[in-house]
Amino acid sequence: MSYDLILLMALITFFMRYAFFMEKLPIKLDLRVQRFLSFTAPCILTAMAAPIVFGEVALSSEDITNPFLLAGIIAVVLSLLVKNTLFVVLASMGVFFSLKTML
């Protein structure tokens, strides 16, 4: 899966979610539906990222240097500490690309 496709899917997910929460659109959603929709972006991003992160893990000593696994672990820790999805996605992507260039 190319990075362009991942970025495109993330943008589509973000803008679909953003369209539902825009104040100027005449769509009025129930509070339960709004709460349900708030979970869509993390779920879709997790579904896209999980095969990438865990697809290359073979439980050996070399896995500790796998940038996919390390960035995934950092993303999980950040999502537990910071409740801002966009920040977590951008920070974990920054960590991933930094690790990819360093390792």
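Buried residues have under 20% relative accessible area and exposed ones over 50%, with partly exposed in between (1.4 Å probe, protein chains only). The model is predicted, so local features need pLDDT of at least 70 and side-chain atom pairs count only at pLDDT 80 or more, while totals for chains, interfaces and linings use all residues. Residues are numbered from 1 along each chain as its sequence is written, and side-chain values use heavy atoms, with hydrogens and water left out.

**View 1. The protein chain has five helices and zero strands.** Helices (H or I, at least four residues) and strands (E, at least two) are DSSP runs, numbered from the N terminus. Along the sequence the elements read α-α-α-α-α. Of the 103 residues in the protein chain, 18% are buried.

**View 2. Helix 5 has buried residues on one face.** The 18 residues of helix 5 reach 26 Å from the first C-alpha to the last, close to the 26 Å expected at 1.5 Å a residue. The expected span is 1.5 Å times one less than the number of residues. Val 88, Ser 92, Phe 96 and Leu 99 are the buried residues of helix 5. Seen down the helix axis, these residues fall within an arc of 70° (taken from the directions from the axis to the C-beta atoms), so they line one face of helix 5. An α-helix has 3.6 residues a turn, so residues three or four places apart point the same way. Leu 90 and Thr 101, on the other side of helix 5, are exposed.

**View 3. Asn 66 makes a contact at the start of helix 4.** Asn 66 belongs to the loop between helix 3 and helix 4. Asn 66 counts as buried because its relative accessible area is 9%. A side-chain oxygen of Asn 66 comes to within 3.0 Å of the backbone nitrogen of Phe 68.

View 4. Buried in helix 4 are Pro 67, Phe 68, Leu 69, Ala 71, Gly 72, Ala 75 and Leu 78.

**View 5. The largest pocket has a volume of about 990 Å³.** A pocket is an open set of points on a 1 Å grid over the protein atoms alone, with protein on both sides within 12 Å along at least five of seven lines; lining residues have an atom within 4 Å of a point. The volume is the space filled by probe spheres set on the points. The lining has 32 residues, and Leu 45, Ala 49, Ala 75, Val 89 and Ser 92 lie nearest the centre. Helix 1 (3–21), helix 3 (40–55), helix 4 (67–81) and helix 5 (85–102) each give two or more residues to this lining. Helix 3 provides the largest share, nine residues. The lining has 24 nonpolar, six polar and two charged residues. Ala, Val, Leu, Ile, Met, Phe, Trp, Tyr, Cys and Pro count as nonpolar, Asp, Glu, Lys and Arg as charged, and the others, Gly among them, as polar.

**View 6. The second largest pocket holds about 320 Å³ of space.** Its lining has 15 residues, of which Ala 10, Phe 14, Leu 45, Leu 86 and Val 89 lie nearest the centre. Helix 1, helix 3 and helix 5 each supply at least two lining residues. Helix 1 gives the largest share, six residues. By class, the lining of the second largest pocket has ten nonpolar, three polar and two charged residues.

Note on methods:
On a 1 Å grid over the protein atoms alone, a cavity is a set of points where a 1.4 Å probe fits but cannot get out, and a pocket is an open set with protein on both sides within 12 Å along at least five of seven lines; lining residues have an atom within 4 Å of a point. A polar contact is a pair of N or O atoms within 3.5 Å; within protein, one must be able to donate a hydrogen and the other to accept it, and residues adjacent in sequence count only if both atoms are side-chain atoms.
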